[in-house]
Amino acid sequence: MDKYSTVLDGQIQSPTRFQVKRVNDRLKPGSSFCAAEDEPPHYEETSFADGNGHRGVYHNASYNGETKNSDGGFHQYDSISNAYYQHTFGHNTLDPVPKIDFYRNPGSVSGATHNRPSLEELHEEFQKNIEAGGTADGPPSGDGVPGDEETGEQVAAKGGFVKFGWVKGVLVRCMLNIWGVMLFIRLSWVFGQAGIGLGIVVIMLSVVVTTLTGISMSAICTNGVVRGGGAYYLISRSLGPEFGGSIGLIFAFANAVAVAMYVVGFAETVVDLLKDNDAIMVDQVNDIRIVGCITVALLLGISVAGMEWEAKAQVLLLIILLVAIANFFVGTVIPSNKDKESRGFFNYHGSIFAENFGPDFRDGENFFSVFAIFFPAATGILAGANISGDLEDPQDALPKGTMLAILLTTIAYLGVAVCVASTVVRDATGSINDTLRSTLNCNGSAACILGYDFSSCKTQPCQYGLMNNFQVMTMVSGFGPLITAGIFSATLSSALASLVSAPKVFQALCKDNIYKALHFFAKGHGKNNEPLRGYILTFIIAVAFILIAELNTIAPIISNFFLASYALINFSCFHASYAKSPGWRPGYKYYNMWVALFGAVLCCAVMFVINWWAALITYTIEIFLYIYVTVKKPEVNWGSSTQAVKYVNALNEALMLSGVDDHIKNFRPQCLVLTGAPKTRPALLDIAHSFTKNYGMCLSCQVFIGPRKAMVKEINRSLEKNQAWLNKNKRKAFYAAVTGDNFRDGVRSLLQASGLGRMKPNTLVIGFKKDWRKATLLDIQHYIGVLHDAFDFDYGVVMLRISQGLDISHFLQVQEEINRLELERQALEAAIKNEELNAGSGGIRGLFKRAQTFKISKPEAKAPSINTAQTAHMGEFNQRLVEASAQFKKKQGKGTIDVWWLFDDGGLTLLIPHILTSRKKWRDCKIRVFIGGKANRIDEDKAAMVSLLSKFRIEFVDIHIVADINTKPNKESWKSFEEAIEPYRLHENDKDAAAAETVKKESPWKITDSELEMFKEKTYRQVRLNELLQENSRAANLIILSLPIARKGSVSDHLYMAWLDTLTKNLPPTMLIRGNHKSVLTFYS
């Protein structure tokens, strides 16, 4: 190990340290470094290896529970022993190197999960009790629920877990699903109607839809790890649970019904064979039901046996299908015989190709109707995606397998179609006697040129030819029974793929618990987590539709269900690209957002082309499910592009708003509400929410008083919790929290920094300080200081007082304690009961064990005790407070909102009650306006106010002119006020000058006699106003009153608090309002 050591400043260094080489040091030997005069030394990094490039000393260094090996030495430059640190590239530090385990979410991806050290652990002072490795191996950062892949990985370690590659898992399934019965039965008819030219257009248009969808799917599935669920998973994780939940249910149901469709197609072929051989069991319809039910039961058995057996069956069916297709191509070059020629098959001839190139639509068919019949043959591209949870590498397998399947099946469709249309004429009689001895009188048809006269088909129906015989491929092929086997293979493989897809997609949907009633079907069984319950449900649905035995009306709806899925996949790709989220980083680069949008529009158009009423039904169901999921609001967060677009739109709108000048007509109260924790002052939050909901912004704010370092943890914990409480209680408000050395400093920070652009608060909502008489001097100063700061920052102020008080935090604490004790009691009883059950069944040993259990449990039961009588008394005492705190949640009965608009503040005192009466809860309350006036001008003042309110379009029921505001209050009221301020008076006039000056210096905050004399008239007014309020507004639902202003430096804090207390005591809920004296009402249009 010596050869790996280095020497720095004459000392041997540990090879496990990150070595640096001093490049420039301006300090002289023996001198000390001075920050003011000298620059710090500069360093450059050196290699971790020695001079020969060896790195062996680091080979055993590891992390997160893996083997660590180093020299174990303690370096004099290390502040802490390496026993407390993790090893990172040979250097002892808690700071880890990048590792995939830090980025795993156990709820959605596989693999062991570790937590990197938090920023706090790296940033704060080092704690001696931190153990090496403890940070990284802590609890998982995700939701803690292992996903399918994690369970599968654990099983895989034991052996037996099946994962498929891109060939068997995607390519084979997609090819089998795309090559349906349409290939053998209807393709010839399509080209007979549309001709070779338009027939190719039909195929290529279908391929364009599937190719665009495949490209979009490839982009989405390479933008992160894909779990099971296929189209549902891709759409839900891209567009969110609303779109994913609606289409997931539709897609799963469509696959279940598709099983019945394919099985019925198989059963019809079997029954036709039975009919040809006179082996009908009951009748054709019931035979289809019997054969169909037996077939779907056998397919269910293969599926339940496991994915491995199902995959083997798919490979076998693909081989049969490929042989059948090859058999057809071989048959086209085998020379035709008389029998086949009479049925319209003449091998390859240019005249047949030319005749069949153009369209010949019959029986009311047109291009779109023919396209609608063919398009279901192109579906099936999601067969691989539907079992994405069973793929080894979905990100690699899905794009490769799906796109190659589309290419190969397209070539096969085009090849088969062109070949059959180049060798078979449109009409043939099937009679070998319809030959021509001479072609001189030929009508110009290809059959006539080749020696046959099929002109009778124009006047009477014929049984053969492209237009009339669905079994043309069987006739053309080299060996007919192989085509029948191909039909069986195509139908059974498609049925098997759908039978597997439907439960897998449905299970993924149920696991996400979007539809809580369906969570029963989320459970998986066996090593592959097979959805047995989903298989049974799919089987029941399939049997139900097989028993109907008539699917012509439901088939278009199923095709539209698949197309709706394709449209949303394309839209998902466009939406994710449009959102420009940094998280959108697909590995598949061959996509374009506008091409994806075109694909989505094309899919929607094709839906209406195939069947317009089926498309309407599909969209109706989807919209209904979308609304259902939106209303239910499932508790999931997948980082969808919908969230990203909402953020981008909100940001853009906020930026646009910042360029718009304010206008009086657009003024709305934007409230900064000092609630503390939102649930502690519900009445204050509720009244603010009443006039800000859907009108303006509401910020529920809390100030944490104390050192920033001590409070920051509490703030971080409170942010998410309190915002969640607001959302849960349907309060359209934001939560904000700050820390400050005192209440005023914290509120000052909120007043200055809250909001964004034009969306900034303009009104401070605060509760009346009911305990001001018991509060400390600093508390009073900070409270009044907040009001002064609000006016300084040009805020309006709203102060709420209810007689019982606003703060219910102490009641909530008692409630939480009672709930905690109840839970402990229940847990203790359950533990005792469990111990008794586990104890011996009888005898001395069992008795001893039970006695031991009670000895252990008894002190635990008594420890967390609480005085029951005291709790009951406290509950009774707080009942009125709790009821008062909830009074604004209820609908207000018929009554009045009395507005005492004594001073013009710009109109805020009048605007807020107007907004309140527009709310459903306050709709039955009418506004009464009280203003000050002179006794000899009551009528004039009233008329002027009526005119003003009419111009403002404020509805009111009455206006009262109060002419005796400035009269002296009665003696009892004045005496009560004097008693209230007595503890805070200085009484300097009762002392000699020196003593008075001394007391004034000791208590500068007290109310002086000179101050009381200076503001005597204003004090009289507050006391008199309370008398008038009790006379006129005692029965009001809510009183709104102009807030008196205390001039800074003139009115002492305690005198101002006494004014506010006297003004609002013994009244219904009262709001003191003072605008910022800028107009918020206008009568101009």
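Q: Let's start with a cysteine: why does Cys221 count as buried?

A: Keep in mind that this is a predicted model. Buried means under 20% relative accessible area. Cys221 sits at 0% relative accessibility, so it counts as buried. Cys573 counts as buried too, because its relative accessibility is also 0%.

Q: And how many disulfides does the model have?

A: A disulfide is a covalent bond between the sulfur atoms of two cysteines. Here, the count is one. The bond links Cys457 with Cys462, with an S to S distance of 1.9 Å.

Q: Which handedness does the link of Cys457 and Cys462 have?

A: Look at the torsion about the S-S bond: at -105 degrees, the link is left-handed.

Q: Are Cys457 and Cys462 buried or exposed?

A: Both Cys457 and Cys462 are buried.

Q: Now the cores. Which residues have the most contacts inside the largest nonpolar core?

A: For a nonpolar core, you follow buried residues joined through side-chain atoms within 4.5 Å. The largest one here has 144 residues, and Trp179, Phe184, Leu187, Phe374, Leu382, Tyr413 and Leu563 have the most contacts inside it. Helix H7, spanning residues 241-276, supplies the largest share of this core, with 17 residues.

Q: What is Trp179 in contact with, leaving aside its neighbours within four places in sequence?

A: Its partners include Leu318, Leu321, Leu322 and Ile325, as well as Leu408, Thr409, Ala412, Tyr413 and Ala490.

Q: Which residues does the second, separate core include?

A: That core has 57 residues, among them Met697, Val738, Val797 and Phe977.

Definitions and conventions. Residues are numbered from 1 along each chain as its sequence is written. This is a predicted model: local features need pLDDT of at least 70, side-chain atom pairs count only at pLDDT 80 or more; totals for chains, interfaces and linings use all residues. Side-chain values use heavy atoms; hydrogens and water are left out. Buried means under 20% relative accessible area, exposed over 50%, partly exposed in between (1.4 Å probe, protein chains only). Helices (H or I, at least four residues) and strands (E, at least two) are DSSP runs, numbered from the N terminus. Contact means heavy atoms within 4.5 Å. A disulfide is a pair of cysteine sulfur atoms within 2.5 Å.
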